[in-house]
Amino acid sequence: MKRKLAGNAFLKSKLFWAIVAEFLILLVGFILRPDFLSIQLRTLADGTRVLYGTPIDIFNRSAEITLIAMGMTLVIALGGTDISVGALVAVAGAIALKFLRWDVLIYNTPGDYTVKPYFYAIAVPLIVCALMGLFNGSLIAKLKIQPIIATLILMVGGRGIAQIITNGKQFTTQYSPFKFIGNGSILGIPFPIIITLVVVVAVMVFVRKTSFGMFVESVGINPSASRLSGLKSGTIIMIVYTLTGFLSGISGLIYSSRISSNDSNNAGLGYEMDAILAVVIGGTSMTGGKFSLFGTVVGSLIIRTITTLVMYFGVVSEAIMAFKALIIAVVIVLQSEPVRNAIAKRRERRHLNIGGEMHA
Amino acid sequence: MKKILVLVVAAMMLLTASASAVTIGFSQIGQESDWRTANTDSIKAAIADEGWDLVYDDAQQKQENQVKALRNFISQGVDYILFTGVVSTGWDEVLKEVNEAEIPLILVDRMPEQTTLDAIEYVAAFGGDFVEEGRRMAYWAANYVEKIGKADQEMNLVILEGTTGADAASGRQEGIMEVLENYPNLKVIASQTGNFTRAEGQTVMESFLKAHEKIDILLAHNDDMALGAVESIKAAGKDPGEDIIIIGCDAPKTAFDAIIAGDMNATIECTPLYGPFVTDAVKKLIAGEEMSKTIIHPEEGAFDVEGGIVYSADGRLSEKAADVIDSRLY
């Protein structure tokens, strides 16, 4: 009996429908062309062997959004939002390329590589992005500024800062250790997937194996009650926004490594919306409180699967936006409470009918 | 003593500056790319070389900022206005105000839409010819295929388009398609937008490679997308420039580097260097010459690994990228 109820609750949950949606989209792709889901092993020019196929691309290219969305889940669970993440992606790339620029000036000139600039090119962007996250968190926790306003500052200003750092220029690097972050692979698995896996597991462990996740939910549901019961809500808010900034930094390093370049105008453009969408599709409510990190990963995969599907099947450029919006609309309607309840009710009715017959 | 000397020199410079014949107001879109930066630098340098005054405004990609800048130019009473619009519509009113103030208007790079051009007065216009750039990409591809002896083979071609709705994207696409009609062996099997960015050029090419077994030629509406695609091609275990012929557009230094490294095959030039055109035009206007209202396109080249490939209907020959890279400014 209890088990059936739990099953029903899962059936009613948004996460269940997110997983259903992901499988449906993949199924459509598979029916249209079975190749869509094929994975093979390819040998590259330098002899490394990599996994090759659309499913790999989906996991690989969803890395940037998944990483940011991990932080965004906690931000939204707190009842907040962070719209500066996309700009932070641009900042991270700008700083990284600024440091690499010291050694590797042009495409064809192999520089005198030293460990130092590479270390700085990784560490400094992450630290700066974490500090920018802390700045967001402080505005919200200490000055009680509404999250959307507080993070709007860096959303607007961040790209400007990125422009100033690189003097408005786009640098290109061919420094292979840096290119490895976004383009390399270990045992055939693209490195961004490995980074994402490690981060997702680390965040999940941090949140669920300590009481931090419970604190976040508690602050998200009722900040005043949490404070009165002795929770330092301000500290929790600052930790969460700092973490989101840090994760945006990792995302920015992957992005700029993939293109071996910084792009202050386009790097991370629209990521805040994709990340929020991933969180919401994953079943976390915008009103704060309970959250699902696993759901967010599924949400991020859905977004990337749609994009990949659109590119793979060559939807005409003019129709891409509308087509994506259509699929997302279907997913969200499928997840809406009335629809979920209606489906669950039908199931219940069927169970009752069966039960009734048995009694008779 | 030294200080006084400096002051005197400064004062003299100020005097000569205010005594200079011409003040030009320049409303620039913003600094969204290396191309744009080179464009601004070229115009600034050319005006400085003439010893004229420049009132420069960076609109940060916003139309309302440009409208404000143009009105400021009018109230400051500049002698000439240089203008490139972030979008092509909605300029009628403010440009008519410029006309009413009787300040000669020079259009550079991005033009307002045709109805606006018909409705307003301007003394000169300099802009790129996107359709011709598209044609040249296709011509280069066709002639290169012939050169490597594959003219009789069916070649599969994919296109990375620019931002949907942008003049540069629709123009280049139109030109490409127009020329390809004459080469039935070059078959377009996929064409999608990569939004003019490296990152999207990379992901779209990645999908092209998964969806199509055989891709022989890539035409990218700009070099950034081509450079992004190069990474995807390498990640698919293929040799960019060899297994897939890659042609880009714009011709910044990064594209030259890629051509020399053998990752790209060619790039069609779209020059941002409008400075000399503008100062020449102003000089002619001062001398009382009348200029035509037709848009003047700058001379532009094509650059590749070896040079000598015909890239236009009138038989222009491409140049070797390695020979000219050192003279590139951007």
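Strand S9 (residues 245-250) of chain B and strand S10 (residues 266-269) of chain B run parallel and are joined by 4 bridges; here helices (H or I, at least four residues) and strands (E, at least two) are DSSP runs, numbered from the N terminus. Within this pairing, Asp250(B) has Glu269(B) in S10(B) as its bridge partner. Everything here is a predicted model, in which local features need pLDDT of at least 70 and side-chain atom pairs count only at pLDDT 80 or more, while totals for chains, interfaces and linings use all residues. Residues are numbered from 1 along each chain as its sequence is written, and chains are lettered from A and ligands numbered from 1 in the order in which they are written.

S9(B) and S10(B) belong to an open sheet of 7 strands, ordered S7-S6-S8-S9-S10-S11-S12 (chain B), with mixed pairing. Two strands count as paired if DSSP finds at least two bridges between them. The edges are taken by S7 and strand S12 (319-320) of chain B; each has a single partner strand, so one side of each is left without a neighbour in the sheet. Strands of a sheet pair through backbone hydrogen bonds, either parallel or antiparallel.

Chain B also holds an open sheet of 5 strands, this one with parallel pairing and the order S2-S1-S3-S4-S5. Its edge strands are S2 (53-58) and S5 (124-126) of chain B, each with a single partner strand, so one side of each lacks a neighbour in the sheet. On average, neighbouring strands of this sheet are turned by 15° against each other, direction ignored. Strand S1 (residues 23-28) of chain B runs parallel to S2(B), and 6 bridges join the two. One of the residues involved is Gly25(B), whose bridge partner in S2(B) is Val55(B). Helix H11 (residues 275-286) of chain B packs on the sheet, where it touches strand S3 (80-83), strand S4 (105-108) and S5 of chain B. The direction of H11(B) makes about 160° with that of S4(B); axes are lines fitted to C-alpha atoms, for helices over the stretch in contact, and angles run from 0 to 180 degrees between N-to-C directions.

How do two of the helices sit together? The axes of helix H3 (residues 63-76) of chain B and helix H4 (residues 92-100) of chain B come within 10 Å and cross at roughly 10°. H3(B) and H4(B) are therefore roughly parallel to each other, a label given to angles under 35 degrees, with those over 145 counted as roughly antiparallel, 65 to 115 as roughly perpendicular and the rest as oblique. Val67(B), Leu70(B), Arg71(B) and Ile74(B) of H3(B) meet Val94(B), Glu97(B) and Val98(B) of H4(B). These residues divide into 5 nonpolar, no polar and 2 charged; Ala, Val, Leu, Ile, Met, Phe, Trp, Tyr, Cys and Pro count as nonpolar, Asp, Glu, Lys and Arg as charged, and the others, Gly among them, as polar.

On the domain level, chain B is divided into domain 1 (2-122) and domain 2 (130-271 + 300-327), with bounds from an automatic or database domain assignment. The C-alpha centres of domain 1 and domain 2 of chain B lie 34 Å apart.

Then there is the partner chain. 31 residues of chain B are in contact with 31 residues of chain A, contact being C-beta atoms, placed from the backbone, that lie within 7 Å. On the side of chain B that touches chain A, helix H2 (34-49), strand S7 (186-193), helix H8 (198-211), helix H9 (223-235) and helix H10 (253-260) of chain B each supply at least two residues. H8(B) gives the most, with 9 residues. This side of chain B divides into 9 nonpolar, 12 polar and 10 charged residues.

As for confidence, the model scores ipTM 0.86 and pTM 0.86. Chain B has a mean pLDDT of 90, with 94% of its residues at 70 or more; pLDDT is the predictor's confidence in each residue, from 0 to 100. Among the elements of chain B, helix H1 (residues 2-19) has the lowest mean pLDDT (54) and strand S8 (residues 217-220) the highest (98).

Key:
Contact = placed C-beta atoms within 7 Å.
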